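Student: Could you take me through the aromatic contacts in this model, with a close look at one part?

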Amino acid sequence: MYEDVTAQEIERRIAASHESVRAVYDYWRAKAGGRPMPTRADIDPAEMKPFLPAMMLVDVVHDTRRFVYRLVGTHEVAGRGRDPTGLSVAEAFYAGSAEEALAAYEYVAREKRPFCFCDPYITPDGWEEREDTVYLPLTRDGETVGVIMVYAYTYGFKARGAASLVVR
């Protein structure tokens, strides 16, 4: 789905994103220090305190689940109406479709570089949403993507309650 998206296009999208998205991206770049991507250990949550509620860490796993939510910030949980921690992205995606959600993660894992999504979409529970979302690769071994750090700025944020949950 995103195979043809260039690094230049991603840079353009990030530059056009909300200032908080740009700040998280700049932090990630600084931590990479000239490497293709930083390690998970390079990221200090204390340095990112203002952004943590809207952050997620997604493990890249080598089984059928492929991408698994390891950590989901409180803002993300409230926006979804549930906590997807421990579930796969395919089970608990929050995008226009599972294919669209998985394509962003696949892009980052395959290309070993950031991805940025800035288009409006219809959520799984039928609400129109507009977010600037940046997906940032982290490595454990210096070569492969082991974790994807995700930060989303939601325009017109709406907290969801249990009544809006969609069971897949």
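Student: Let's look at Tyr-151: is it buried or exposed? And which ring does Tyr-151 pair with?

Tutor: Happy to! Keep in mind that this is a predicted model. Tyr-151 is buried, because its relative accessible area is 6%, and the cut-off for that class is under 20%. Its ring pairs with the ring of Phe-51: the centres are 5.6 Å apart and the planes stand at 90 degrees, so this pair is edge-to-face. Phe-51 also counts as buried, with a relative accessibility of 18%.

Now for where the two rings come from. Tyr-151 belongs to strand S6 (residues 145–155), while Phe-51 is in the loop between helix H2 (19–32) and strand S1 (55–60), so their pairing ties together parts that are 100 residues apart in sequence.

Next come two other tyrosines, Tyr-153 and Tyr-155, which form an edge-to-face pair, with 4.8 Å from centre to centre and 85 degrees between the planes. Tyr-153 is partly exposed at 27% relative accessible area, and Tyr-155 is partly exposed as well, at 26%.

Terms used. Residues numbered from 1 in each chain as written. Predicted model: local features only at pLDDT ≥ 70, side-chain atom pairs only at ≥ 80, totals over all residues. Heavy atoms only, no water. Phe/Tyr/Trp six-rings, centres within 6.5 Å; stacked < 30°, edge-to-face > 60°. Helix = DSSP H or I, 4+ residues; strand = E, 2+ residues; numbered from the N terminus. Buried < 20%, exposed > 50% of the residue type's maximum accessible area, 1.4 Å probe, protein only.
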